[in-house]
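Please work through the following exercises with the sequence and the model at hand.

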Amino acid sequence: MDAIETLEKDHHRIRSLFSELEETTEPQKLQDCFDKLSNILIIHAEAEEQVLYPEASNCQDTGEVIAKGYEDHDKGDQMVLEIKSLNPRESQFKQKVKELQSFMLNHLDEEENDLFPKVRQGMDDRKLEKLATEIKHTKAEVASEVVD
Ligand SMILES: [Fe+2]
C-alpha cells in the first residue's frame, strides 16, 4: 500500500464510523463510537500534517489545498473538543456530530479530488512507498500519545 492508499483507507474508516454514528441511538454506543472516531481523526490529521503535507507542498499547485487542509484540521479539532464536552444522552450530541460529519466529509472529498491526484502526479512510486512507511511510524507514535 502506498501513502495515498493508506490515507484513503483511513478516509473510508472515518466515513463508515460517521454512518455508524448516524444509525446509533443508544448513548453508550454513541460515546464509544465517537471516541473511536475522534482518535482516528487525530491520528490521521497528524500523519497528514507531519508527513504528507510537507512533501506534497513540493508538488505542483498544492499550496491552496494544503493551507485549507491545515485550517480544516484545526476547525475539526475544535468541533471534536466541543462534542467531547457533551453528554450523548442530550440531543445536542447527535446534532453536533452531524455538523462535524458534513464538515469532515467535505474535507475528505477535497483531499481525494484535489490534493491526492496532484500528489500522485508529482511523486514516483518509490517516494509514495517511502511516505507510506513514514505515515505508519507517525501514526504509531501519535497513537501511543493519544489518551482518552
Ligand atoms: Fe485531512
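**Exercise 1.** Determine which residues of helix 2 meet which residues of helix 5, and describe how the two helices cross.

*Solution.* Step 1. Helices are DSSP runs of H or I with at least four residues, numbered from the N terminus. Two residues are in contact if their C-beta atoms, placed from the backbone, lie within 7 Å. On the side of helix 2, the residues are Ile 42, Ile 43, Glu 46, Ala 47, Gln 50, Val 51, Leu 52 and Glu 55. Their partners in helix 5 are Leu 131, Glu 134, Ile 135, Thr 138, Lys 139, Val 142 and Ala 143.

Step 1. Sort these residues by class: nonpolar (Ala, Val, Leu, Ile, Met, Phe, Trp, Tyr, Cys and Pro), charged (Asp, Glu, Lys and Arg) or polar (the others, Gly among them). The contact has nine nonpolar, two polar and four charged residues.

Step 2. Consider the axes, which are lines fitted to C-alpha atoms over the stretch in contact, with angles from 0 to 180 degrees between N-to-C directions. The axes of helix 2 and helix 5 come within 9 Å and cross at roughly 145 degrees.

Step 3. A crossing is left-handed if the near helix is turned anticlockwise from the far one by less than a right angle, and right-handed if clockwise. The crossing of helix 2 with helix 5 is right-handed.

A note on the model: it is predicted, and local features need pLDDT of at least 70, side-chain atom pairs count only at pLDDT 80 or more, while totals for chains, interfaces and linings use all residues. Residues are numbered from 1 along each chain as its sequence is written.

**Exercise 2.** Identify the buried residues of helix 2 and locate its kink.

*Solution.* Step 1. A residue is buried if 20 or more other C-beta atoms lie within 10 Å of its own, exposed if 12 or fewer, and partly exposed in between, with C-beta atoms placed from the backbone. Among the buried residues of helix 2 are Phe 34, Leu 37, Leu 41, His 44, Glu 48, Tyr 53 and Ala 56.

Step 1. Their cover includes helix 1, helix 3 (63-84), helix 4 and helix 5.

Step 2. The bend at a residue is the angle between axes fitted to the seven residues ending there and the seven starting there. Helix 2 has a kink of about 40 degrees, centred on Glu 49.

**Exercise 3.** Are Asp 61 and Thr 62 buried or exposed?

Step 1. Asp 61 is exposed because it has 10 C-beta neighbours inside 10 Å. Its phi is near 60 degrees, a positive value in a residue other than glycine.

Step 2. Thr 62 is buried because it has 20 such neighbours inside 10 Å. Leaving out residues up to four places away in sequence, Thr 62 touches Ala 56, Ser 57, Leu 115 and Lys 118.
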